Amino acid sequence: MAKNLLIVESPAKAKTINKYLGKDFLVLASYGHVRDLPGKDGAVNVDDNFAMRYEVQEKNQKYVDAITKAAKDASAIYLASDPDREGEAIAWHIGEILAEKGLLKDKALHRVVFTEITPKAIAHAVEHPRAIAGNLVDAYQARRALDHLVGFNLSPILWRKIKNGLSAGRVQSPALRLICEREDEIEAFISREHWSFTAQLQDKGQAFSARCVKLDGTRFEQFTITDGKTAEAALARLKAAAGSALKVAEVNRKERKRRPSPPFITSTLQQEAARKLGFTTKKTMQVAQKLYEGVNVGEEGTVGLISYMRTDSTSLSGEALGQLREVIAQEFGKHNLPAEANVYKSKSKNAQEAHEAIRPTFAGRTPARIGKYLSDDERRLYELIWKRAVACQMIPATLNTVSVELAAGPQHGFRATGTTVVDPGFLLVYEEGKDQKDSEDDEANAQLPPLAEGQSVTLNDILGEQHFTKPPPRYTEASLVKTLEEYGIGRPSTYSSIIQTLIYKAYALLESRAFRPTDVGRLVNRFLTSHFEHYVDYDFTAKLEDELDSVSRGEEPWTVLMDKFWKEFKATLDEKTDEVNRSEGTGQRELGTDPVSGKPVSVRMGKYGAFAQIGSKDDEDKPKFASLRPEQSIFTLQLPEALKLFELPKELGELEGKPVMVAIGQFGPYVKHGDTFASIPKEIDPYQIELDKAVELIHGRREYLANRFIKTFEGTDIQILNGRFGPYITDGAFNAKIPKDREPASLTQDECEALLAEGKPVRKFGRAAKKATKKAAVKKAPAVKKAPAKKAAKKTAKKKTATKKAAKKTTKKTVKKATKKAAKKTVNA
């Protein structure tokens, strides 16, 4: 048994580090967080100084067991979780678990941190351990308590007022607000017409263009001309005044320096990977994690290729700076090396504890040298990180900007601009991307011929172009992360999970890489901003992050922060829980009057989605309902569109003497003939479908159902069916896989029953779900004699594992026995 136990978060990291430390160390992984607050009331006791009741997560229990077992025989324990607040919390949790089990008596407990996984960094960390940082743990506890109290108390209100399954979050909800407010701006936007004029010029064989900046003696601006008739007259005046040439009135040249961007921090890496590589924030962090934990690069073996990827710091170590400067001198020449290293200060007001920026662990590992050892995604992200780190230590680019004023007579003027690169400097390696490029970017980068004042330049033509202003763009992942960072909302390490939550909860959809809020997302946002505005306010959220930072620096006790927050939050909760009306959460809108019935037409969100309604519950006749189509929104639907929804269900014609109907149900549009239902594919409009196509779908469904049944057993619910992923067994309550070595049709009833005993419950919804649950409960529940509560609990705990193993053995034996029995019957027959 090794003398020392070192605990990290991931198994990949454990494997890499194990090679560096040798036989005196056993390296185990905790697989992330080992404990968390249970998702129920009382996990944070607000009446007992915010005492928090943590529990070991079920998925991590076996890893905790392995750690505690190894800790019994270890003489020293090193907690080497990640070098951030979450990592500090994991180390603290593990230390608490070991202390509760009495495993730290007469044993040294060390906290070690490293920002890169290299032999030198690991050795240095182990030789220079420290104690667990109590202030960082306090900040983590405050953050976790805040998130739990906000989510646990706000989410149930959303369930009651809007629909089940919704959630609110301290950082998630302000992020949703950003997306929804941008959508409001887009919908409220009114496009305006405007015109521009461009002169097409040529000098010494080089063509270039210039835009109109003066018309009729006054400055020409965006909305100077807003209609075609006025534009046509202005164009005629420009052409008449210019003739065949424009005269160079003024030439301005200006040399400027452009500094390189700082090395990557988490948020800027996510932004650039989204812009340049098309990566989601989640994918960026997953690939970066792999590069950080270690990749086999040939003779060197497995080594971490980048420093820790969750950081707010733009600083670089002296060793890293030395490596980067050496690579620049070798690869790009000494003239591209500044006299002293470039230093960058963090712009984030929420900058984390002193970490390094994201950089290659050894700058000499160029992308060209190690690219062959990496997957395509790993290679592309590593190259991005390497280039940014190298470029940040190069000289600025020297640019020469030229602006030329050209006259078309005394009353009209044009301007041409261009930029030439005098010395590329860092641009040899890297240029930062942009979320949006416009015509001004292209104009500024244009190449102009040498021009002198007083010179005439040949005019080929003057073009007038009509434009319409565009609404602000929807947020992309890159621009959303950038905005969250600018507001000081959340942490770089949380941005990926925030975005995933918004998508998972169906609050927003990613369309063409941009976020579009769903109706549910907009309702949640509207509800929260109306009744809990203070808690989704950008400044409040950022201020709370600042206070958490002060806790991490030991400037404020975390319980004082919590007490201040909770008193105000609880008062708002008590007030709003009873005050808010259920109808507010539905987003109901009156659209107008139905011309046929004269009844009001409205739209709102219901339990199963958005729907339109004709009439009201107070009418003598029942109201009519129609589900909205996927692309429609309760916020923008108009009366004509709503009335069209009520055209379904309708009869298309007859087949075999029975009507063929088209309708829209809970799971989408379908056609119906007798007892046969066939879904209508997305590419077919249910309002335009004709009888021939509907009949084709019905015949296709019949054929599918006819081929679906492989075998049934009389007097039972057991069936062997063909499914999407191949044949399987079902009894309506459970589904079971068929052994690969068996022909589905050859299975007997006994064999099917045995396989179903180990099967998975069928996923159903509504009433069908309740029936299936009852059936499953009856089938699975064994007869249990009543026993005293304490004894029953002990027996359950002891026998839980044994029961699982026994069930598996029983199933195998039953299948084997049933197979033999079937074979015997066949022989006897």
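This note walks through a predicted model, point by point, from the whole chain down to single residues.

1. **How to read the numbers.** Because the model is predicted, local features need pLDDT of at least 70 and side-chain atom pairs count only at pLDDT 80 or more, while totals for chains, interfaces and linings use all residues. Residues are numbered from 1 along each chain as its sequence is written, and side-chain values use heavy atoms, with hydrogens and water left out.

2. **The chain as a whole.** The chain has 23 helices and 32 strands. Here helices (H or I, at least four residues) and strands (E, at least two) are DSSP runs, numbered from the N terminus. Of its 829 residues, 46% count as buried; buried means under 20% relative accessible area, exposed over 50%, and partly exposed in between (1.4 Å probe, protein chains only). Now take the contacts (heavy atoms within 4.5 Å) with a separation of 6 or more: residues 24 or more positions apart account for 69% of them.

3. **Helix α7, end to end.** Helix α7 covers residues 228–242, which is 15 residues. From first C-alpha to last it reaches 21 Å, close to the 21 Å expected at 1.5 Å a residue; the expected span is 1.5 Å times one less than the number of residues. At the start of α7, a side-chain oxygen of D227 comes to within 3.2 Å of the backbone nitrogen of K229. After the helix comes G243, with a positive phi near 70°.

4. Which residues of α7 are buried? They are A231, A234, L235, L238 and A242. They lie on the same side of α7 because they cover an arc of only 105° around the axis, where the arc is that of the directions from the helix axis to the C-beta atoms. On the other side, K229, E232 and A240 are exposed. The buried residues of α7 pack against strands β9 (193–203), β10 (206–215), β12 (245–258), β15 (397–408), β16 (412–423) and β17 (456–468).

5. **Strands β9 and β10.** Two of those packing partners of α7, β9 and β10, run antiparallel and are joined by six bridges. (Two strands pair if DSSP finds at least two bridges between them.) A199 stands opposite A210 in β10. The two strands form a hairpin with two residues between them, and K204 in the turn has a positive phi of about 55°.

6. Two bridges join β10 to the antiparallel strand β11 (residues 218–219), with L215 opposite T218. β10 and β11 form a hairpin too, with two residues between them, and D216 in the turn has a positive phi of about 55°.

7. **A residue to look up: H194.** You will find H194 in strand β9. Is H194 buried or exposed? It counts as buried because its relative accessibility is 11%. Leaving aside neighbours within four places in sequence, the contacts of H194 include Q222, F223, E465 and H467.

8. **Helix α15.** In helix α15 (residues 492–504), the buried residues are P492, Y495, S496, I498, I499 and L502. An arc of only 160° around the axis puts them on the same side of α15. Their packing partners are helices α6 (172–188), α8 (266–277), α9 (281–293) and α14 (477–487), along with strands β18 (508–511) and β19 (514–517). Just after α15, A506 takes a positive phi of about 60°.

9. **A four-stranded open sheet.** The order of this sheet is β20-β21-β22-β23, with antiparallel pairing. Its edge strands are β20 (589–593) and β23 (624–627), each pairing on one side only. The twist averages 25° from one strand to the next; axes are lines fitted to C-alpha atoms, for helices over the stretch in contact, and angles run from 0 to 180 degrees between N-to-C directions. β20 and β21 (residues 600–606) share four bridges, and T593 stands opposite P600.

Definitions and conventions
Polar contact = N/O pair within 3.5 Å; in protein donor to acceptor, adjacent residues only side chain to side chain.
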